[in-house]
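Below is a colleague's note on the two chains, written to be read beside the sequence and the structure. The points are numbered so that each can be taken up separately.

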Amino acid sequence: MATNELKNQIRKLRFENGEMTQQQLADKVGVTRQTILAIEAGKYAPSLPLAFRIARAFAVPLESIFQYELQTDSDNKQ
Amino acid sequence: MNKTQKGAMAVMVISILLLVFSMTIPLAWLYKVPVLRILPLVFLVLSYIAMGLSIIFFRKKQSPGEVDFDERDRIIKRKAILASYITLWILVFLGCTIPFMITDQCGIMPVSLLPIVLFIMFIIVMLVYSLTILMQYGRGE
């Protein structure tokens with residue numbers, strides 16, 4: 001069975017941007033800290049507007065933050 | 001903890017106290033022991049205290065610029081409403097069938113039990129609502 005996986009570089013980008021805290025990023029993009037935490041852990045897929053707001057907060061294109069990977073069973077076995 | 005979590009936590013504590021309160025009322029009626037007669041009042045007072053404390057608990061923010069709720073909170077709340085709605089239907093079904101099974105077709109039940117049963121139903125629905133919210137945050141959904 002194929003599974004969707006949305007990987008992100010938020011944690012890395014936060015540290016590259018002056019060790020920004022999760023709370024600071026949350027305030028910047030207008031969400032709660034728990035949402036940033038869930039997105040970073042890959043447990044919550046943000047909406048498109050929120051993904052764009054996060055990209056804008058780091059001044060980078062969307063693709064450099066979020067990567068979508070489609071994994072199949074054969075990929076998992078390897 | 002964000003506002004939705006705090007709200008759910010407050011609702012959970014108040015619901016548990018009110019549930020115990022409503023369950024101790026029949027006990028106070030059935031047994032004429034003075035301690036049991038005070039018990040409902042104790043839990044009612046405790047639930048009022050919890051309501052008061054939850055207001056103070058709500059005021060504290062994680063940061064000055066923190067938003068009250070976001071898109072994820074909205075999804076979590078929607079799932080919790082669905083869970084509590086399903087629970088309500090299950091409770092209505094049980095509330096109709098259990099007294100019928102206990103008292104039989106021509107059985108008699110005190111009318112005063114009806115508001116207590118409805119109150120307990122309402123409290124259980126609120127408890128399920130708050131627990132569903134807390135569980136979703138716990139799982140990091």
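This is a predicted model: local features need pLDDT of at least 70, side-chain atom pairs count only at pLDDT 80 or more; totals for chains, interfaces and linings use all residues.

**Notes on helix packing and chain contact**

1. The crossing of α3(B) and α4(B) is right-handed.

2. Sorted by class, the contact of α3(B) with α4(B) has 14 nonpolar, five polar and two charged residues.

3. Helix α3 of chain B covers residues 71–103, which is 33 residues, and from its first C-alpha to its last it reaches 48 Å, close to the 48 Å expected at 1.5 Å a residue. Just after α3(B), the residue B:Asp104 takes a positive phi of about 70°.

4. The buried residues of α3(B) are B:Arg72, B:Asp73, B:Ile76 and B:Ala80. What do these buried residues pack against? Their partners are α1 (3–30) and α4 (113–139) of chain B, together with α3 (33–40) of chain A.

5. In chain A, the axes of helix α2 (residues 22–29) and α3(A) come within 8 Å and cross at roughly 110°, and that makes α2(A) roughly perpendicular to α3(A). The contact is made by A:Gln22, A:Gln23, A:Leu25 and A:Ala26 on the side of α2(A), and by A:Arg33, A:Thr35, A:Ile36 and A:Leu37 on the side of α3(A). By class, four nonpolar, three polar and one charged residues take part in the contact of α2(A) with α3(A).

6. How many residues does each chain bring to the contact between chain A and chain B? Chain A gives 14 residues and chain B gives 13 residues. On the side of chain A that touches chain B, α2 and α3 of chain A each supply at least two residues, and α3(A) gives the most, with four residues. The residues on that side of chain A divide into five nonpolar, six polar and three charged.

7. Turning to the overall make-up of chain A, its secondary structure comes to five helices and two strands, and from the N terminus on the elements run β-α-α-α-α-β-α. Of the 78 residues in chain A, buried residues make up 22%. Among contacts in chain A between residues at least 6 apart in sequence, 58% join residues at least 24 apart.

8. A last point concerns B:Leu36, which lies in helix α2 (residues 34–59) of chain B. Not counting residues up to four places away in sequence, B:Leu36 touches B:Leu27, B:Ala28 and B:Tyr31. B:Leu36 and B:Ile116 are 80 residues apart in sequence, and their C-alpha atoms are 17 Å apart in space.

Terms used
Residues are numbered from 1 along each chain as its sequence is written. Chains are lettered from A and ligands numbered from 1 in the order in which they are written. The expected span of a helix is 1.5 Å times one less than its number of residues. A residue is buried if 20 or more other C-beta atoms lie within 10 Å of its own, exposed if 12 or fewer, and partly exposed in between; C-beta atoms are placed from the backbone. Two residues are in contact if their C-beta atoms, placed from the backbone, lie within 7 Å. Axes are lines fitted to C-alpha atoms, for helices over the stretch in contact, and angles run from 0 to 180 degrees between N-to-C directions. Angles under 35 degrees count as roughly parallel, over 145 as roughly antiparallel, 65 to 115 as roughly perpendicular and the rest as oblique. Ala, Val, Leu, Ile, Met, Phe, Trp, Tyr, Cys and Pro count as nonpolar, Asp, Glu, Lys and Arg as charged, and the others, Gly among them, as polar. A crossing is left-handed if the near helix is turned anticlockwise from the far one by less than a right angle, and right-handed if clockwise.
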